[in-house]
Amino acid sequence: MNKSVVLSLGFMLSGVFISAQVFEKKVPQDFDTEKKEILHGKIDTIQYSSVTVGTTRKALVYTPPGYKKGTKYPVLYLLHGIGGDEKEWFRNGNPHIILDNLYTKGKLTPMIVVLPNGRAMKDDRATGDIMAKDKVEAFATFEKDLLNDLIPFIEKKYPVKKDRNDRAIAGLSMGGGQTLNFGLGNIDRFAWVGAFSAAPNTKEPEQLLPDPFKAKELKLLWISCGDQDRLMPFSKRTSDYLTENKIPHIFYVEPGGHDFKVWKNDLYLFSQLLFKPIKQEDINLMLKSE
């Protein structure tokens, strides 16, 4: 999938605020194609007790190639959209394949990826009227489930690092809105935040960051959207607010609509920046045509 993209940077690098720089990027055609000959990570289904919801809930967990229980890993929580569940990314986005291929090229910091069900209610299936009031509200309830139930479970069951600097959150559409709401609302818990095509559940910028300078504590704040996506205004207003307040962030605009072609590309790029020092030359190298 070769694409050219525009990447507008508002990132604090070496003390310099860089804004509106344009790069051309072509994603490798086989970035999401399974390769039998390489090492592969593993996807498992886990169940955890949710006090918030009052039931047992499910999530998928991806462990990287060469995973060792004796090694401590950073963790990424990767959220789905309003019509999905914990398997939406796995079914439509091939995150395990994308990450496996990146590991083979030595482009990722080894990490555990958790794919939860962000609809925090007892019947959390994506059935019936997915826009029903109780189902939409369940996406907001997931904040408590994530912070109080899922993260403690993952930290008990898996060898993950527990510091905020080793915890990331990202998501698509409704999950992109959750990412901004939860990530910016809990900067003491997350240092890496990536919103892909954030949906209308995204809070107004002044609500997201009443003290915008708090966001300078983040290691990375990534906002992306397809240029044909009707939900672009929600990403743009957040980026505009950050830019007005001179808050370091990446605003990434690419050709495309509201679909997995865009979101797979986002994951491919965003994941390469996680859990490592970010320098201008690293971003330039990543964005070179491959």
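Which charged end sits over the ring of Tyr-158? That of Lys-157, 5.9 Å from the ring centre. Keep in mind that this is a predicted model.

Let me start with the overall picture. The protein chain has 8 helices and 10 strands. Of its 290 residues, 57% are buried. Now the contacts between residues at least 6 apart in sequence. Of these, 73% join residues at least 24 apart.

Next, the cores. The largest nonpolar core has 41 residues. Tyr-77, Val-114, Leu-146, Leu-150 and Leu-180 have the most contacts inside it. Which helix gives the most to this core? Helix α3, residues 133-157, with 6 residues. There is also a second, separate core, of 36 residues. Val-27, Trp-89, Leu-99 and Leu-273 are included there.

Val-114 is then in contact with Ala-59, Leu-60 and Val-61, among others. Its contacts also include Val-75, Leu-76, Tyr-77 and Leu-78. Leu-150 and Ile-154 complete the list.

Those two residues bring us to α3. This helix has 25 residues. From first C-alpha to last, α3 reaches 34 Å, close to the 36 Å expected at 1.5 Å a residue. Where does α3 bend? At Leu-146, by about 50°. Leu-146 is also one of the residues with the most contacts inside the largest core.

On to the rings. A search of the whole structure finds 11 aromatic pairs. One of them is Trp-89 with Phe-196. That pair is edge-to-face, 6.4 Å centre to centre, with 75° between the planes. The pair links distant parts of the chain. Trp-89 is in helix α1, residues 88-92, while Phe-196 is in strand β8, residues 192-196. They are 107 residues apart. Trp-89 and Phe-196 are both buried.

Phe-142 and Phe-182 form another pair, and this one is tilted. The numbers are 6.3 Å centre to centre and 45° between the planes. Phe-142 lies in α3 and Phe-182 in α4, residues 174-185, so the pair ties together parts that are 40 residues apart in sequence. Phe-142 is buried, as is Phe-182.

Ring pairs also build a cluster. Its members are Trp-89, Phe-196, Trp-222, Tyr-252, Phe-260, Trp-263 and Phe-270.

Ala-170 is in strand β7. Is Ala-170 buried or exposed? Buried, with a relative accessible area of 0%. Again I leave aside neighbours within four places in sequence. Ala-170 is in contact with Phe-196 and Phe-270, among others. Ala-170 and Gly-183 are 13 residues apart in sequence, and 8.6 Å apart in space, C-alpha to C-alpha.

Compare Ile-98, in helix α2, residues 95-104. Ile-98 is buried, and its relative accessible area is 0%. With neighbours within four places left aside, Ile-98 is in contact with Phe-31, Asp-32, Gly-93, Lys-264, Leu-267 and Tyr-268. Glu-34 lies 64 residues from Ile-98 along the chain, yet 8.1 Å separates their C-alpha atoms.

Last stop, helix α6, residues 232-244. This helix has 13 residues. It reaches 18 Å from first C-alpha to last, close to the 18 Å expected at 1.5 Å a residue. Met-232, Ser-235, Thr-238, Ser-239, Tyr-241 and Leu-242 are buried in α6. What do these buried residues of α6 pack against? Helices α4 and α5 (205-208), plus strands β9 (220-226) and β10 (249-254). Just after α6, Lys-246 takes a positive phi of about 55°.

Technical notes. Residues are numbered from 1 along each chain as its sequence is written. This is a predicted model: local features need pLDDT of at least 70, side-chain atom pairs count only at pLDDT 80 or more; totals for chains, interfaces and linings use all residues. Side-chain values use heavy atoms; hydrogens and water are left out. A nonpolar core is a set of buried Ala, Val, Leu, Ile, Met, Phe, Trp, Tyr and Cys residues joined through side-chain atoms within 4.5 Å. Buried means under 20% relative accessible area, exposed over 50%, partly exposed in between (1.4 Å probe, protein chains only). Helices (H or I, at least four residues) and strands (E, at least two) are DSSP runs, numbered from the N terminus. Contact means heavy atoms within 4.5 Å. Rings of Phe, Tyr and Trp (its six-membered ring) pair if their centres lie within 6.5 Å; planes under 30 degrees apart count as stacked, over 60 as edge-to-face and the rest as tilted. A charge sits over a ring if NZ of Lys or CZ of Arg is within 6 Å of the ring centre and within 35 degrees of the ring normal. The expected span of a helix is 1.5 Å times one less than its number of residues. The bend at a residue is the angle between axes fitted to the seven residues ending there and the seven starting there.
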